[in-house]
Amino acid sequence: MKRTKVAELLQGNALGQDVLIKGWVRTKRGNKFVNFIAVNDGSTIHTVQVVADVQQFNEESLKDITTGACVAVTGMLVESQGKGQSVEIQAKTIEVLGLADVETYPLQKKGHSLEFLREIAHLRPRTNTFGAVFRIRHAMSYAVHKYFNDKGFYYVQTPIITGSDAEGAGQMFRVTTLDVANPPKTETGAVDFSQDFFGKTTNLTVSGQLEGEVAAMALGEIYTFGPTFRAENSNTTRHLAEFWMIEPEMAFYDLNDNMDLAEEFLKYLVMYALNNCKDDLQFLNDMYDKELLTRLNFVVTNSFERLEYTQAVEILKSAKQKFEFPVEWGTDLQSEHERYLVEKHFKKPVILTNYPKHIKAFYMKQNEDGKTVRAMDVLFPGIGEIIGGSQREENYEKLAARIKEMGIHEEELWWYLELRKFGTAPHAGFGLGFERLILFITGMGNIRDVIPFPRFPKSAEF
Ligand code: 4AD
Ligand code: MG
């Protein structure tokens, strides 16, 4: 017999027919006449109830059916008498594919803390919460590709091992083939890192943007979607050392076009989740955050507030709220400031533009005022910065001067500068932190709970 997934089974089309399901036991209850076994197979948040007549089954074999065990069940799909489910399986055969010892299987009773579950990253996908989060994560990656494909953007794979520091912030993990016990030395006796990767200094990428620009300057509209790495020692609920980023890059877009795309894209993704992840979102809404669905609906139906950094600073300076870090024109905004603007002042998503150039990356297009650059950050409730982007400096001389001014090694970026030498064009792009998006959509409180195997300072062995 062919296996039916629980999600499909619950639609009830096979009523009166024999079916085969395979999955993991969530609970077993009952009495000496009948056992009720709830089985989940990952295809949905819901379980299907298996009803086993104790007389019909060897009582010994029913003993092996414990929480966490893996089973294959055949039986007839019938209408359920019980509350909370429409169909159930009247079991004919139950095969235990894998035992789960009651004494040692950690997911026995319900209601484990998220902190505890983080310690058992290999088992937490079997909980309702993580099943829901990871199904939503899948749906969102699919929606990313669908959105861009439908718009005629090309998906470009950018390298993970790279010689350049795309953000110029020095937060890179070094990649080396050196014998660390006996490294090559320079004339001065220092370790010769230029020998890292067969004669070149290399690191894990912090962003695919620079290579994305290469592609945009030929293919027009592209996006990347891959892992990125930041060697920052941040122990926050919003930072990971390894996270996934989506970076569209578009020829002939200015900052306004860039903002329009960012807003449309975010709304599309939230809408996609609302339409396609109903049961999982309802579960998370009921379990953790009663405002979740309201918040998601709000984002798709309201326009984002757009204002300049300078205006935001004025608002923050006249705010009644006392901030831990005071704000002056020129300071980088902290998440407390971003969240004040979004959650208290405007009460909607905000796009801030035209930041001071000294707090932003070298590649951003400079404004006429000589002080600001055409940057944009999209700020979301409960999250703070979810997107960072900009129009890029397309003028060769200005870019070269800025690189020099900021003390960046020009020789690493010769190819990037050449894009401005040959057929340069106005262009823009942005980066969406995938885990921050998933945080927003699931309403989870900690970024370590929206990626299967989180990497952070002192992360567990996984
Ligand atoms: O603002 P960031 O650093 O911008 C860039 O990397 C640009 N190259 C993007 C571009 O213009 N193509 O990062 C972009 C986004 C942030 O807004 C945030 O959502 C996410 O990436 N992000 C992180 N997410 C999790 N952990 C971290 N340590 C993150 N750092 C950035
Ligand atoms: Mg940023």
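What percentage of the 462 residues of the protein count as buried? The share is 36%, where a buried residue has 20 or more other C-beta atoms, placed from the backbone, within 10 Å of its own, an exposed residue has 12 or fewer, and a partly exposed residue falls in between. The model is predicted: local features require pLDDT of at least 70 and side-chain atom pairs count only at pLDDT 80 or more, whereas totals for chains, interfaces and linings use all residues. Residues are numbered from 1 along each chain as its sequence is written, and chains are lettered from A and ligands numbered from 1 in the order in which they are written.

**Figure 1. Overall fold of the protein.** The protein contains 13 helices and 16 strands, taken as DSSP runs (helices: H or I, at least four residues; strands: E, at least two) numbered from the N terminus. The C-alpha trace spans about 85 × 60 × 45 Å along its principal axes. Of the contacts between residues at least 6 apart in sequence, 66% join residues at least 24 apart; a contact requires C-beta atoms, placed from the backbone, within 7 Å.

**Figure 2. Shell around ligand 1.** Ligand 1 is surrounded by 22 residues, the closest being Ser207, Gln209, Gly388, Gly431 and Gly433; a residue is near the ligand if its C-beta atom, placed from the backbone, lies within 6 Å of it. At least two shell residues come from each of strand S11 (242-251), strand S15 (384-391), strand S16 (427-433) and helix H13 (434-442). S15 gives the largest share, 6 residues. By class, the shell holds 7 nonpolar, 9 polar and 6 charged residues (nonpolar: Ala, Val, Leu, Ile, Met, Phe, Trp, Tyr, Cys and Pro; charged: Asp, Glu, Lys and Arg; polar: the others, Gly among them).

**Figure 3. Nonpolar cores.** A nonpolar core is a set of buried Ala, Val, Leu, Ile, Met, Phe, Trp, Tyr and Cys residues joined through C-beta atoms within 7 Å. The largest has 82 residues, of which Met140, Ala273, Leu437 and Ile441 touch the most other members. Helix H6 (residues 255-276) gives the most to this core, with 9 residues. Leaving aside residues up to four places away in sequence, Ile441 touches Ile136, Met140, Val270, Ala273 and Leu296. A second, separate core of 20 residues includes Trp24, Val39, Val71 and Ile89.

Figure 4. In H7 (residues 278-287), the buried residues are Asp280, Leu281 and Leu284. These residues lie on the same side of H7 because they cover an arc of only 95° around the axis, the arc being that of the directions from the helix axis to the C-beta atoms. Lys278 and Asp286, on the other side of H7, are exposed. The cover over the buried residues of H7 includes helix H4 (128-150), H6, helix H8 (292-301) and H13.

Technical notes:
Two residues are in contact if their C-beta atoms, placed from the backbone, lie within 7 Å.
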